Amino acid sequence: MTIAIYSSSSLLIRTAALSVRPISIHAAAALYGRPAAGPQIRAFGIKTTLKAQEYMAKIIKADKSAAASKEAEFKVPKPQIDSYLNEMPPELRSPLFPEPMRADTMDRKWKSSDLEELDIGITKHRVPNRFSDKVALWAVKSARKPTDLLFRNKYLHRSVMLEVVAAVPGMVGALIRHIKSLQGMRHDGGWIGHLLHEAENERMHLMTWMEVGKPVMWERALIATVQTGFFAIFSLLYMVSPRTAHRVVGYLEEEAVTSYTHFIREIDAGRIENVKAPEIAVAYWNLDPESATLRDVVLAVRADEALHRDSNHHFSDRILAGRESLFEDMDHDESKPRVRY
């Protein structure tokens, strides 16, 4: 009678294959504790000799080799990641360039004189007439004090801080209104697209100032921390009172117009060098590439902030009046159907 000894892995493989290979009588006898040459060791709770153990190791190695060979026969080669990247969907091949806030900026190359002539209402201010409006104004004014203390006349770095914060409200508002539209299974009233456009515009401001300002690491860390806190607070405020949230943004944009006006004065006074405008700004605002300077960029950004100021105050007023839908007041192309979304 022969006795077969297997390792756990060998046993699984051989059981599946329904094949059994016995070891030698000498090894079997050794497993039962009979005298045999060589030192004794214990395997699976059974005393065995080194010779028997070596024989079992050879069996296991042979089994693994055979299993690997069979696996290689049926193994399908994995495609390279490049093959997936080369299958780029056609809609992704068409670049979607960010659109400026003012559609008329693409009609011609804008020069300094054109930007100066824009009537944006530099000193325009919404007087608060409700308690929530007064709280919104107080919150914005209070938030400006540490910014003035930290950055003082470093307007390039101040602008980076401002735009990192200003790019949050549009995206938060669009997201919350998007979810509400889905949950209510009804159209939004035309707000989502405008809010997303606002958020993208503020992000382009940030990308522009990053090209010029080059904030250092500690400034980046501070700005990221402020943005995280503002995102959390503003998201909660928008869910509780969207009207107050838009009023906060309206006052925030009033402060932005003021800051950029001071920025222009610093350039005019020669305290900030009026360098050539970065390419990203020239392309986005369709500035004259031959004459565009930093001052022109500040003028263009300030004009955008004035639009955000007026839009958010208007959004707040519409919520208060109970006329949130923009469809009835929109300018329509009579050649196209009126679609609510």
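Which side chains meet in a salt bridge at 3.2 Å, N to O? They are those of Asp133 and Arg247, where a salt bridge is a side-chain nitrogen of Lys or Arg within 4 Å of a carboxyl oxygen of Asp or Glu. The pair links distant parts of the chain, with Asp133 in helix H6 and Arg247 in helix H10, 114 residues apart.

The model is predicted, so that local features need pLDDT of at least 70 and side-chain atom pairs count only at pLDDT 80 or more, while totals for chains, interfaces and linings use all residues. Residues are numbered from 1 along each chain as its sequence is written, and side-chain values use heavy atoms, with hydrogens and water left out.

The protein has 12 helices and two strands, these being DSSP runs numbered from the N terminus (helices are H or I, at least four residues; strands are E, at least two). Of the 341 residues, 40% count as buried, which means under 20% relative accessible area, with exposed set at over 50% and partly exposed in between (1.4 Å probe, protein chains only). The protein exposes about 20,800 Å², of which carbon and sulfur atoms supply 60%; such areas come from the Shrake-Rupley method with a 1.4 Å probe, and for residues only the protein chains shown count as cover. Among contacts (heavy atoms within 4.5 Å) between residues at least 6 apart in sequence, 71% join residues at least 24 apart.

Asp133 is buried, and so is Arg247. The side chain of Asp133 also meets that of Arg243 in a salt bridge, at 3.3 Å from N to O. Here Arg243 lies in helix H10 (residues 242-268) and Asp133 in helix H6, 110 residues apart, and Arg243 is likewise buried. Salt bridges that share partners join Arg126, Asp133, Arg243, Arg247 and Asp317 into one network.

Another salt bridge brings together the side chains of Asp310 and Lys124, at 3.5 Å from N to O. Because Asp310 lies in helix H12 (residues 294-321) and Lys124 in the loop between helix H5 (112-117) and helix H6 (131-151), this pair ties together parts that are 186 residues apart in sequence. Asp310 is partly exposed, with a relative accessible area of 28%, and Lys124 also counts as partly exposed, at 48% relative accessibility.
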